[in-house]
Amino acid sequence: MRDGPLPCSRLTARQALAAVADTYTELVAPDGARGASRTASGARAEASPRAPVASDGPLGWHGYDDARRRARERTGEDESVVTALATIGGTQAVVLSFEFRYLGGSLGERTGDRLEAAYTEARERGLPVVSLIATGGSRMQEGMRALSQLQRVSRQSAYNRAAGLAQIAVLRDPTTGGGWATLGAGADVILALPGAQIGFAGSRVRPPDADPRAYCAEGQLASGQIDAVVPPDRLRGTLQRWLRLLCPRAESGGRTAEPALPPEALGAPGLPESGWGAVVRARDARRPRAEAYLRAYFDDWEEISGDRCGGVDPGIRCGFGHRDGRTIAFAAQCGTATRPAGFRTAARVVRLADRLGFPVLTLVDTPGAANDAAAERAGAGAAIAEAFAALATARVPVTSLLIGEGGSGGALALAAPDRLWATPDSYFSVIAPELAAAILKRDERQVRETADQLRIRPQDLLELGVIRAIVPPAPDRE
């Protein structure tokens, strides 16, 4: 069953609004164009007269008045964006919906006026902003006066970010130029429709030999610039879930400062007899991994993807989930060597949770940070430092559970200071026993002895004060 009408890339601004909203009321435009109350069908109830505009714009661009007149006749709009107060799945939001048929959805001075007013409305009401973007960038007929609107939009977005209000972008086709570099890329969660053209450079200004995949939704997802490509028939439901997660109602108790409880252990219940025994158990391919823990812990969740710096690490899962009506952010290592993009993505979700006021759960499970040449070129050290800093400075409580391998600093970077628990089938070590033996120039036969000397078992970690406790297994696993 579909989530609602198909919101494809070429829908009008009002059709796109109706495709995701239950109901909406158009906001009063600061240029004097008053909106009207509408249902999801987009039917107009009333409208007031529009204010006159300057002749041929601020530059006196010959033919600009005629172009705007034709755009008004073609679209029924007098600007490239419609702003509205909408209800999406029971959650109120301020929605910005672009009309691409109006001068390519370009941003001019009056567009900036409307966007600024909409962001202000969202702050006054304490609401998230959802942007349904379809734009070619800044309006050339208004020159630098148009380009400067990007500063206005960015400033307003920063104000809302500082106010702890979520921003979600939906990238339609196309989303290019300043619209991508502000409303799109500046959002907390970025969704895109399949095949949408996305990039700072529009199709007419790219190098002739440019790879077209770099400028589409799928390519931007692969390079860590957006969070998901969402089919049109799933967009409405996806938006509803994200809004419920990031904007819980006050009466639901979904936004509290209470720390997340550590999950119950899902693996073998007994404690290992030796250090090497702990390593063998943690490296067992049959041991429960992050996926199993997330499924057991959360009622439902949505994930973000990518570090916004060109990288994606499939060995880490980050996002927000519901547990007993509460929203909890998570960053979960999946048992592989964590790459720089993984650390940056984890830091990203921790910072977002901190800003929105949600507790964080991290699941620690990695043999260590990736140490190949590609990882070094991608800034492994800086990425690990970023993750350490995000956890160390978080104002919300962070709970960490060691569920498998705890390999050196690559694992410690996701372990909350003084709030770390461990499962019976895990270990934590300053270095892998094999590497410790090699550095100390020990014989390979001494690896097991080295593992014991490192005191890496869960019970050793508890005695050393590294962890708070060893979590018990789930009742059906005892």
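Contact here means heavy atoms within 4.5 Å of each other.

## Basis of the model

The structure is a predicted model, in which local features need pLDDT of at least 70, side-chain atom pairs count only at pLDDT 80 or more, and totals for chains, interfaces and linings use all residues. Residues are numbered from 1 along each chain as its sequence is written, and side-chain values use heavy atoms, with hydrogens and water left out.

Helices (H or I, at least four residues) and strands (E, at least two) are DSSP runs, numbered from the N terminus.

His322 is part of strand β11, residues 316-323. This histidine counts as buried because its relative accessibility is 14%, where buried means under 20% relative accessible area, exposed over 50% and partly exposed in between, with a 1.4 Å probe and protein chains only. Leaving aside residues up to four places away in sequence, His322 touches Arg244, Leu245, Phe298, Asp299, Asp300 and Thr327.

Val129 belongs to strand β5, residues 129-135, and at 2% relative accessibility Val129 also counts as buried. Val129 lies 34 residues from Val95 in sequence, with 5.8 Å between their C-alpha atoms. Not counting residues up to four places away in sequence, the contacts of Val129 are Val94, Leu96, Tyr119, Ala122, Asn160, Ala166, Gln167 and Ile168.

## Packing of α3 and α5

The axes of helix α3 (residues 109-125) and helix α5 (residues 149-162) come within 9 Å and cross at roughly 5 degrees. Axes are lines fitted to C-alpha atoms, for helices over the stretch in contact, and angles run from 0 to 180 degrees between N-to-C directions. The two helices, α3 and α5, are therefore roughly parallel to each other; angles under 35 degrees count as roughly parallel, over 145 as roughly antiparallel, 65 to 115 as roughly perpendicular and the rest as oblique.

On the α3 side, the residues in contact are Glu109, Gly112, Asp113, Leu115, Glu116, Tyr119, Thr120, Ala122 and Arg123, and they meet Gln149, Arg152, Val153, Arg155, Gln156, Ser157, Tyr159 and Asn160 in α5. By class, this contact has 5 nonpolar, 6 polar and 6 charged residues. Ala, Val, Leu, Ile, Met, Phe, Trp, Tyr, Cys and Pro count as nonpolar, Asp, Glu, Lys and Arg as charged, and the others, Gly among them, as polar.

## Pockets

The largest pocket has a volume of about 660 Å³. On a 1 Å grid over the protein atoms alone, a pocket is an open set of points with protein on both sides within 12 Å along at least five of seven lines, a cavity is a set where a 1.4 Å probe fits but cannot get out, and lining residues have an atom within 4 Å of a point. Of the 23 residues lining the largest pocket, Gly136, Gly137, Ser138, Met140 and Thr176 lie nearest its centre. Its lining comprises 8 nonpolar, 12 polar and 3 charged residues.

The second largest pocket, of about 310 Å³, is lined by 20 residues, with Leu412, Ala415, Leu420, Phe428 and Val466 nearest its centre. Helix α13 gives the most to this lining, with 3 residues. The lining of the second largest pocket has 15 nonpolar, 3 polar and 2 charged residues.

## Enclosed space

The structure holds 2 cavities of 30 Å³ or more. Glu26, Leu27, Ala29, Val81, Val82, Thr83 and Arg114 line the second largest cavity, to which strand β3 (residues 81-88) gives the most, with 3 residues.

Technical notes
Grid points are joined across faces, edges and corners, and a volume is the space filled by probe spheres set on the points.
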